[in-house]
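Let us walk through this model. Start with the backbone, then turn to the helices.

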Amino acid sequence: MNRFFTDRIQGNTAEIAGEDIRHIEKVLRLRAGDRIVVCDGAGTDYTAEISSICPDRVTCALSDARASDTESAVRVTLLQAVPKSGKMETIVQKCVELGVYAVQPVLTARCVPLPSRDYEKKRVRYQRVALEAAKQSRRGIIPAVGSLIPLDAVDVSRFDSLIVAYEQEKETTLKQVLKEGVGREIGILIGPEGGFEEDEISRLRERGSRTVSLGTRILRTETAGMAMLAQILYELES
Ligand code: SAM
């Protein structure tokens, strides 16, 4: 069944607005009485019967609320050091498909180039990419893309574990840390093309983060988050 996100749900009625109206009416040629799935973007799916299609909204009667079966009990937030232009869209798209809970862009010492002041415009674009990827991959939530924050503003206490992929880490692997237990609210931090500076890693460790190796091969910044996320969810998802 076709599936649509909306945050306009009241009681047993949902309204779908925006571009989806055209898609429902002109592309899918659905009519009153047809059934779709409506998702509230907060982890609940509903079976929905279309009641009416107007130019500004599609109204549906909801039944059968259930938890979206695509969401994991483990919530992994990707803290991604800002990469060179164009890569962030790919990172957001692929990580949403893989099951990321949220994406937090972070500014570290070696981010190149320094992001422009109008980063908010980019964030809005990344959020749009997250929405499209969430639709495509049938997610039950639309992972939020945060505003840009400096590395020292990352709130480590928000997570059961903040795991930093550190290219110089020789002792500890991701596998070891996962075996020891990481909880359900996990942050993963990926450095930029130039990697992390040593004092950044020292400060992160002082604040309770673990550093891990992802193996002997050095991955591009846009590959590292996807690889780490996929490995964590593979290990921890039931
Ligand atoms: N310029 C660095 C170097 O030559 O060592 C490599 C940085 S790498 C392209 C970008 C980021 O991906 C790193 O800061 C780290 O977060 C992550 N990364 C890539 N490969 C990794 C690995 N094998 N182990 C841990 N982290 C890795």
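**Loops and helices**

R29 is exposed, at a relative accessible area of 59%; exposed means over 50%, buried under 20%, and partly exposed in between (1.4 Å probe, protein chains only). The model is predicted: local features need pLDDT of at least 70, side-chain atom pairs count only at pLDDT 80 or more, and totals for chains, interfaces and linings use all residues. Residues are numbered from 1 along each chain as its sequence is written, and side-chain values use heavy atoms, leaving out hydrogens and water.

R29 sits in the loop between α1 (19-27) and β4 (35-39). Helices (H or I, at least four residues) and strands (E, at least two) are DSSP runs, numbered from the N terminus. The phi of R29 is positive, near 55°, and R29 is not a glycine. Most residues other than glycine have a negative phi. R138 also has a positive phi, about 60°, without being a glycine. Its loop runs between α3 and β9.

Now take α3 itself, residues 119-136. Its 18 residues should span 26 Å at 1.5 Å a residue, where the expected span is 1.5 Å times one less than the number of residues. The end C-alpha atoms are 26 Å apart, so the two agree. Buried residues of α3 include Y119, R123, Y126 and V129. Their cover includes α2 (87-98), β1 (3-5), β8 (102-107) and β9 (144-145).

V92 lies in α2. V92 is buried, with a relative accessible area of 0%. Beyond residues up to four places away in sequence, V92 touches V103, Y126, V129, A130 and V145; contact means heavy atoms within 4.5 Å.
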